[in-house]
Amino acid sequence: MKKYLVLFIALFFITELTFSQSIINLINRSGEYVDALENGKFEEAHGFFDESVKNKVRPDDLKNFWTSINASLGTFESVENAQNKVQDEFYVVTLKCKFSKGKQAFQFAFNKSEKIVGFFIAPKNNAPIYQQPAYADSTLYKEQHVSIKTEGHELAGLFTTPKTGNNFPVIVLVHGSGPADMDETVGPNKPFKDLAMGLAAKGIATIRYVKRTRVYPGEFAKAFTLKEEVTDDALAAIALARTLPGINKKQIYVLGHSLGGMVSPKLATQSPDLNGIILAAAPARKFTDVIIEQNKFFFESLKDTSTAAREQFQKALKEFEKTRITELGTVKADSLLLGIPASYWVDMNQYDQTGIAKKLKTRILVLQAEHDIQVSTTDYNLWKSVLEKKKNATFKLYPSLNHLFISQPEKSTAELYKNPGNVDAVVLNDIALWVKGS
């Protein structure tokens with residue numbers, strides 16, 4: 001099977017979420033089905049269908065369909081992205097596939113027996129597009145392409161600065177989970193782009209870059225840790241910041257969002273010259289606890305009180321509990337737990353972000369949104385209980401914002417991420433005042 005990456009079921013940037021652990025299997029089965037088609041195994045692909053569908057779709061139909069796909073798009077190369085959702089009694093998986101001459105998304109509908117009952121070319125996306133915020137004034141900022149380089153890797157980035165002046169503070173933006181682009185795009189929303197434009201207008205430069213998991217996905221089909229996913233590239237971006245023109249080398253900061261915020265205390269210990277770290281919607285607990293809380297929320301939002309649903313959810317919880325491992329022992333480093341290598345879970349579970357943050361002398365700003373359905377105020381309160389007695393820590397809680405720090409009228413499902421919005425201007429003001437108050 002062609003290798004591809006599906007990171008973090010029900011974590012921080014999968015926009016279609018479900019409580020069901022079986023969705024990992026369905027995403028894998030979808031990929032295996034595409035592989036069977038590409039390898040000319042049409043009888044095998046036919047076996048993925050439910051009995052109620054097999055008499056309507058023949059192996060020859062699949063052959064003709066895939067021949068036409070190859071004729072227009074070339075040979076299949078990889079799955080770039082996978083999303084999922086629950087639709088009535090079906091699970092719907094969407095795979096965005098890369099071919100030698102183009103890209104195409106396919107949708108799969110699975111029944112509860114994990115058999116395909118529908119396979120379609122995904123319709124063109126007519127979803128809303130990104131809208132620039134009112135505070136994005138192109139006369140106030142400029143952008144320069146940069147590269148974030150580590151051994152064997154090069155990531156495209158943007159260095160955004162005020163258009164005039166020099167000796168700027170600079171903030172390195174560090175992503176949350178998943179294969180994010182440099183804008184940390186979620187649907188029509190681009191929070192990192194908002195931050196870069198808005199902060200430049202306030203006299204603060206930023207560096208943002210494409211995440212390694214997006215550029216080198218094949219490397220994450222084997223054992224890896226936070227080092228490969230986040231830390232190495234963030235440290236390289238910090239090092240780059242020290243060399244860029246117009247920067248005040250005594251005013252370098254990191255803004256870590258979600259997973260990036262969780263890792264920021266580690267970055268501060270490895271870059272002691274940082275003037276401060278900003279923990280934006282950062283988990284203070286273990287990942288397993290956050291995942292369980294997320295999935296309970298999504299399970300309850302489905303309002304399915306059937307015995308089968310409850311049993312399925314309890315089964316999922318047992319799978320989540322397996323991720324609490326703190327050492328490999330007899331478990332292989334690349335063994336998958338929730339679709340993620342055991343090496344990653346061990347690294348995460350050995351990491352004590354609050355303990356490290358408590359020892360830091362570096363300035364810390366903790367930002368949290370009350371309508372965040374992915375990292376809750378439970379984490380914010382834990383950060384506060386650990387750090388509030390430290391003079392170097394500041395806390396900001398926003399009552400009507402979501403995980404992206406965009407206004408959201410209620411604490412609802414991830415469907416609301418499909419609505420266009422921008423990072424709230426209040427957040428930008430608070431960050432700018434904190435930076436300039438140093």
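**Cavities, cores and a buried histidine**

Three cavities of 30 Å³ or more are found when the whole structure is searched. A cavity here is a set of points, on a 1 Å grid over the protein atoms alone, where a 1.4 Å probe fits but cannot get out. The structure is a predicted model, in which local features need pLDDT of at least 70 and side-chain atom pairs count only at pLDDT 80 or more, while totals for chains, interfaces and linings use all residues. Residues are numbered from 1 along each chain as its sequence is written, and side-chain values use heavy atoms, with hydrogens and water left out.

The largest cavity holds about 80 Å³ of space, a volume being the space filled by probe spheres set on the grid points. Its lining (residues with an atom within 4 Å of a point) comprises 13 residues, of which Pro 191, Leu 195, His 257, Leu 404 and Phe 405 lie nearest the centre. By class, 11 of the lining residues are nonpolar, one is polar and one is charged. Helices (H or I, at least four residues) and strands (E, at least two) are DSSP runs numbered from the N terminus.

The loop between β14 (393–398) and α14 contains His 403. This residue is buried, with a relative accessible area of 0%; buried means under 20% relative accessible area with a 1.4 Å probe, protein chains only.

The largest nonpolar core has 61 residues, among which Val 172 and Leu 259 touch the most other members. Such a core is a set of buried Ala, Val, Leu, Ile, Met, Phe, Trp, Tyr and Cys residues joined through side-chain atoms within 4.5 Å. Helix α7 (residues 226–241) contributes the most to this core, eight residues. Apart from this core lies another of 29 residues, including Tyr 33, Val 53, Phe 76 and Val 79.

Helix α11 (residues 342–350) is largely enclosed by the rest of the structure, because eight of its nine residues are buried. Trp 345 and Asp 347 are among these buried residues. Their cover includes α7, α8 (259–270) and α9 (287–302), together with β11 (336–337) and β12 (340–341).

Notes:
Buried means under 20% relative accessible area, exposed over 50%, partly exposed in between (1.4 Å probe, protein chains only). On a 1 Å grid over the protein atoms alone, a cavity is a set of points where a 1.4 Å probe fits but cannot get out, and a pocket is an open set with protein on both sides within 12 Å along at least five of seven lines; lining residues have an atom within 4 Å of a point. Ala, Val, Leu, Ile, Met, Phe, Trp, Tyr, Cys and Pro count as nonpolar, Asp, Glu, Lys and Arg as charged, and the others, Gly among them, as polar. Contact means heavy atoms within 4.5 Å.
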